[in-house]
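Please keep the sequence and the structure in view while reading.

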Amino acid sequence: MQANDITPERLRRLAVIRAGDAKVLSLFVNLDPREFATPAARRTEVRSILDRAARRVRDDDGLSHGAQASLRADLERLEGELGHGGWDAKGARGLAVFAASALDLFEVLKLPEPVEHDPVIADGPFIEPLSAIGTQERWCALLVNRRVARLFCGPGAALEEIEHVTDDVRGRHDQGGWSQPNYQRSIDKDADDHLRHAAQVAFEQLKDDLPAGLLVAAPAEVAGAFESHLHSYLRDRLAGRLDLDVEQASADDVGRAAAPHIEAAAREREDTGLARLIEAFAGGPGRAASGLPEVLSVLHEQRVATLLLEAGFAAPGVRCPTCGWLGADDRAHCPADASATEHVDDIVEAAVERALMQAADIRVLRDRAELASHGRIAAILRF
């Protein structure tokens, strides 16, 4: 089961952290089992990352004495926490680590895919790669037959069983006689009562945190009846059926069967976002922005509802240390307050952080060419 500790709340919290002179160290560890299949191989990868981070700290002449001391303390802690393989990496294909001893910050996030990036020393956590991976919505799967119901839920396809219902339903028989029809109707009623019971249990479990999608695995003769018993809130989230052994399927089996449905839903959301962007541009000026300079401008005005960008897009720029204005050129002074600007190696990362702080929806698109005509970055506006 793939783990993913990325949540919108966590990204927003990390986005506002600023260490000032102390600096934040951001590390990304590749734990992909296709490349690092054994504990020894993973320890070697961690050792390599820690060595590269130590060299960055040692060779950065621009760091103050206080920043150097804080980062050395961070490296010592990282050595103790990660250097000997004592971390819990179950289900992770990568780790993101953010450390700043001066802020009492030490956070390790499990990732569903590795991030290939050198260690970063900056004023805040380097979170742009996490935005590219994205958060995984909560999905659920209901496995139901005439006597058993099982509920699996989790982020994306990382589904775990959270509820199991078994009802005493008598089996069918073919004894014949005058009593056979009545007996069979009684059995069918027991089975229908079980389906109602399972639907009610599912609603009680999910009503306070409705999933993005709900999948059902059930024999053909009960699937329709069970879905009709679901509360309308859950019926509205039905996203397909799975072909699984209701009583024997493991969590991994359920996750594998659910993955294509979840991926299709993610692709559909991308299509919807692009369609909304096209609609916004067609609606006239003031509803959308495209290209880095224009997007940075509307972010400064806090007008962005949805930010769309190509995966891997990066560009240099400048930032005003006084008001936070972001620019895509190399102008020396902020147009808002005339303060001297500071160079930023990747202004796109700063834009993503600003969007997170404004609770904007962020869509990082992979293998999509539609944003090319919009300068690889665009925004749908609130007003």
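A residue is called buried when its relative accessible area is under 20%, exposed when it is over 50%, and partly exposed in between (1.4 Å probe, protein chains only). By this rule leucine 326 is buried, because its relative accessibility is 3%.

The model is a predicted one, in which local features need pLDDT of at least 70, side-chain atom pairs count only at pLDDT 80 or more, and totals for chains, interfaces and linings use all residues. Residues are numbered from 1 along each chain as its sequence is written, and side-chain values use heavy atoms, with hydrogens and water left out.

## The chain as a whole

The chain has 383 residues, and 46% of them count as buried. Its C-alpha trace spans about 95 × 60 × 30 Å along the principal axes. Ten helices and 16 strands are found in the chain. Helices (H or I, at least four residues) and strands (E, at least two) are DSSP runs, numbered from the N terminus.

Two residues are in contact when heavy atoms lie within 4.5 Å. Among contacts with a separation of 6 or more, 69% join residues 24 or more positions apart.

The accessible surface comes to about 18600 Å², and carbon and sulfur atoms hold 48% of it. Such areas come from the Shrake-Rupley method with a 1.4 Å probe; for residues, only the protein chains shown count as cover.

The chain carries 45 positive and 63 negative charges, whose mean positions are 2 Å apart. Lys and Arg count as positive, Asp and Glu as negative, while His and the chain ends are not counted. Each charge is placed at NZ of Lys, CZ of Arg, CG of Asp or CD of Glu.

## Helix packing

Two packed helices are described by the angle between their axes and the distance between the axes. Here axes are lines fitted to C-alpha atoms, for helices over the stretch in contact, and angles run from 0 to 180 degrees between N-to-C directions.

Helix 10 (residues 347-357) and helix 9 (residues 292-300) cross at roughly 30°, and their axes come within 10 Å. Helix 9 contributes Leu292, Leu296, Leu299 and His300 to this contact, and helix 10 contributes Ile347, Val348, Ala351, Arg354 and Ala355.

Helix 10 also packs with helix 1 (residues 8-15), at an angle of about 115° and with the axes 8 Å apart. In this pair the contact is made by Leu11, Arg12 and Ala15 of helix 1 with Glu353, Leu356 and Met357 of helix 10.

## Buried strand residues

Leucine 326 belongs to strand 13 (residues 326-327). Which residues does leucine 326 contact, leaving aside its neighbours within four places in sequence? They are Leu296, Val318, Arg319, Ile347, Ala350, Ala351 and Arg354.

Valine 216 is part of strand 8 (residues 213-217). Its relative accessibility is 0%, so valine 216 counts as buried. Not counting residues up to four places away in sequence, valine 216 touches Leu142, Phe226, Glu227, Leu238, Gly240, Arg241 and Leu242.

Valine 364 sits in strand 15. Valine 364 is buried because its relative accessible area is 14%. Apart from neighbours within four places in sequence, its contacts are Ser131, Ala132, Glu270, Leu309, Glu310 and Ala311.

The table gives some C-alpha separations.

| Residue pair | Apart along the chain | C-alpha separation |
|---|---|---|
| Valine 216 and valine 246 | 30 residues | 10.0 Å |
| Valine 364 and alanine 288 | 76 residues | 17 Å |
| Alanine 69 and threonine 341 | 272 residues | 27 Å |
| Leucine 326 and alanine 198 | 128 residues | 53 Å |

Alanine 69, listed above, lies in helix 3 (residues 65-82). With 34% relative accessibility, alanine 69 counts as partly exposed.

## Positive phi in loops

Most residues other than glycine have a negative phi. Aspartate 104 is not a glycine, yet its phi is positive, at about 55°. Aspartate 104 is in the loop between strand 2 (94-100) and strand 3 (105-111). Is aspartate 104 buried or exposed? Aspartate 104 is exposed, because its relative accessible area is 68%.

Arginine 376 also has a positive phi, near 75°. Its loop runs between strand 15 (361-365) and strand 16 (377-381). Arginine 376 counts as partly exposed, at 32% relative accessibility.
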